[in-house]
Amino acid sequence: MLRMRLFEKMNKKFFAAHISCVLLFAILYHLQDNFILNNIEFAQKIGLMEKKLPKKYYSWKSSPFYYYLWYSLITQTTVGYGGVVDTATGDTVSFIQIPNRLFKILNVLQLLSVILIAAVF
């Protein structure tokens with residue numbers, strides 16, 4: 001009985017930790033996207049964005065929040081995706097081709113959080 005209660009508590013904490021990460025990273029993806037879109041030159045200057053960008057990246061538009069939530073959920077559950085979708089063209093962009101270094105850093109941190117949560121709980 002005690003063992004069952006312990007597992008129930010751990011499962012709730014495990015679930016809460018993952019949901020918290022999904023929400024946190026969705027917000028961070030949204031904030032970084034808006035920051036980069038509104039400050040491309042500054043982001044390039046401080047190294048968060050590659051210097052040589054095709055002109056199409058200057059036409060990026062921020063996605064609705066539910067897109068970031070979906071992306072974060074797919075990442076956190078490790079279901080996987082074929083790549084990031086370029087909102088301007090609808091094309092899939094591989095991780096290597098993404099010029100936004102801040103996005104790459106956040107994505108790797110989120111994937112590491114999956115491992116960390118599994119290790120802790």
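Helix α4, which runs through residues 101-120, has 20 residues and reaches 28 Å from its first C-alpha to its last, close to the 28 Å expected at 1.5 Å a residue. The model described here is predicted, and the mean pLDDT of the chain is 83, with 82% of its residues reaching 70 or more. Within the chain, confidence is highest in α4, at a mean of 92, and lowest in strand β1 (residues 84-85), at 72. Where pLDDT is low, the predicted coordinates should not be read in detail.

**Helix α4**
- At the start of α4, a side-chain oxygen of Asn 100 comes to within 3.1 Å of the backbone nitrogen of Leu 102.
- The buried residues of α4 include Leu 102, Phe 103, Leu 106, Val 114 and Ile 117, and Lys 104, Asn 107, Gln 110 and Ser 113 in this helix are buried as well.
- An α-helix has 3.6 residues a turn, so residues three or four places apart point the same way.

**The nonpolar cores**
- The largest nonpolar core has 13 residues, and those with the most contacts inside it are Phe 25, Tyr 29, Tyr 71, Val 84, Ile 98 and Phe 103.
- Helices α1 (2-38), α3 (65-76) and α4 each supply at least two residues of this core, and α1 gives the most to it, with 5 residues.
- A second, separate core of 7 residues includes Ile 36, Ala 43, Leu 48 and Met 49.

**Contacts of Phe 25**
- Leaving aside residues up to four places away in sequence, Phe 25 touches Ser 72, Leu 106, Leu 109, Gln 110 and Ser 113.

Terms used:
Residues numbered from 1 in each chain as written. Predicted model: local features only at pLDDT ≥ 70, side-chain atom pairs only at ≥ 80, totals over all residues. Heavy atoms only, no water. Helix = DSSP H or I, 4+ residues; strand = E, 2+ residues; numbered from the N terminus. Expected span 1.5 Å × (residues − 1). Buried < 20%, exposed > 50% of the residue type's maximum accessible area, 1.4 Å probe, protein only. Polar contact = N/O pair within 3.5 Å; in protein donor to acceptor, adjacent residues only side chain to side chain. Core = buried A, V, L, I, M, F, W, Y, C linked by side-chain atoms within 4.5 Å. Contact = heavy atoms within 4.5 Å. pLDDT = per-residue confidence, 0-100.
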